[in-house]
Amino acid sequence: MKKFPRTEKTRIRRLPKRGSYDRDTIYALIDEALICHVGFIVDAEPHVIPTAIARLNNDIYLHGSRLSRMLKHLAEGKDACIVVTHLDGLVLARSGFHHSMNYRSVVIYGNGVPVTGRDKREILDLFVERLVPGRTTDIRAINRKELNATTVVKFELDQVSAKIRCGPPVDDAEDYDLPIWAGELPFTLQAGKPRNDPAMRQKLPVPSYLTRYKRK
Ligand SMILES: Cc1cc2nc3c(=O)[nH]c(=O)nc-3n(C[C@H](O)[C@H](O)[C@H](O)COP(=O)(O)OP(=O)(O)OC[C@H]3O[C@@H](n4cnc5c(N)ncnc54)[C@H](O)[C@@H]3O)c2cc1C
């Protein structure tokens with residue numbers, strides 16, 4: 001199916017025209033993200049924790065220390081809400097009320113299952129590849145101790161929505177005559193110049209996947 005179901009839980013109430021349930025749109029927004037924020041409840045107290053995210057097919061993955069409260073909780077299949085946000089710019093209107101932001105965001109609800117065996121190794125490589133495509137061919141393979149110290153949790157995408165705002169401000173009709181600058185200040189995420197680790201013992205060139213690094 002090309003679209004995720006629009007359920008009572010994922011129905012966008014305010015400005016629903018900005019909503020999207022299209023799978024390809026949502027996959028692209030998740031793949032562009034380096035991080036997400038994970039909401040979960042422990043002992044009736046809500047927590048929101050930032051962490052890395054990776055997608056493969058219709059599943060997303062979170063990973064981290066076996067000792068992490070968040071991962072222990074998620075691996076038990078407790079309710080979670082995972083959010084991806086891309087901030088694309090500021091929107092300057094003619095009144096403070098209509099100031100806004102251009103953004104693309106995804107909200108995912110689900111219950112995780114722990115990933116084990118061969119799949120776990122593959123997903124951990126996927127995390128590295130998502131951050132820096134090409135990097136896994138250069139690095140030492142993960143060892144048993146590292147594998148045991150890491151938890152990987154999978155969430156199937158089902159209860160998912162995206163919301164997208166783009167374009168100029170939307171002002172009150174009478175305000176368009178005011179002599180006030182209005183418009184957009186676009187933002188992009190850009191990589192800086194690679195810096196050598198001072199502990200590097202050999203003189204090595206910066207890999208081409210870094211000199212040509214670009215986020216999309
Ligand atoms: C960078 C950024 C800045 C924002 N700033 C503001 C702000 O200052 N004030 C404000 O009111 N709103 C802001 N929003 C929009 C905000 O995320 C909600 O969409 C908004 O509060 C409307 O919520 P609601 O009551 O209609 O929906 P809710 O009842 O809160 O949500 C219903 C369902 O709609 C879906 N949904 C809601 N919002 C989103 C979303 N952003 N992305 C994907 N799915 C979503 C979820 O599935 C959710 O369960 C911002 C969004 C982003 C990404």
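Which residue of β6 is the bridge partner of H37? It is V83, and this pairing belongs to a set of 3 bridges that join β2 to β6 in the antiparallel sense. Strands here are DSSP runs of E with at least two residues, helices are runs of H or I with at least four, and both are numbered from the N terminus. Two strands count as paired if DSSP finds at least two bridges between them.

A word on the model itself. It is predicted, so local features are taken at pLDDT of at least 70 and side-chain atom pairs only at pLDDT 80 or more, while totals for chains, interfaces and linings use all residues. Residue numbers start from 1 along each chain as its sequence is written.

Overall, the protein chain has 5 helices and 11 strands, and its C-alpha atoms fill a box of roughly 65 × 45 × 35 Å along the principal axes. Of the contacts with a separation of 6 or more, 71% link residues 24 or more positions apart; a contact means C-beta atoms, placed from the backbone, within 7 Å.

Back to the strands. β2 (residues 35–42) also pairs with β3 (residues 45–52), antiparallel over 8 bridges, with C36 partnered by T51. These two strands make a hairpin with 2 residues between them, and D43 in the turn has a positive phi of about 50°. On from β6, 12 bridges join that strand to β7, again antiparallel, and I82 has I108 as its partner.

As for the interior, buried residues (20 or more other C-beta atoms within 10 Å of their own) make up 19% of the 216 residues. The largest nonpolar core has 29 residues, and I30, I53, I60, Y61 and V106 have the most contacts inside it. Beyond its neighbours within four places in sequence, V106 contacts I26, L29, I30, V83, V84, V160 and A162. Such a core is a set of buried Ala, Val, Leu, Ile, Met, Phe, Trp, Tyr and Cys residues joined through C-beta atoms within 7 Å.

Definitions and conventions: A residue is buried if 20 or more other C-beta atoms lie within 10 Å of its own, exposed if 12 or fewer, and partly exposed in between; C-beta atoms are placed from the backbone. Two residues are in contact if their C-beta atoms, placed from the backbone, lie within 7 Å.
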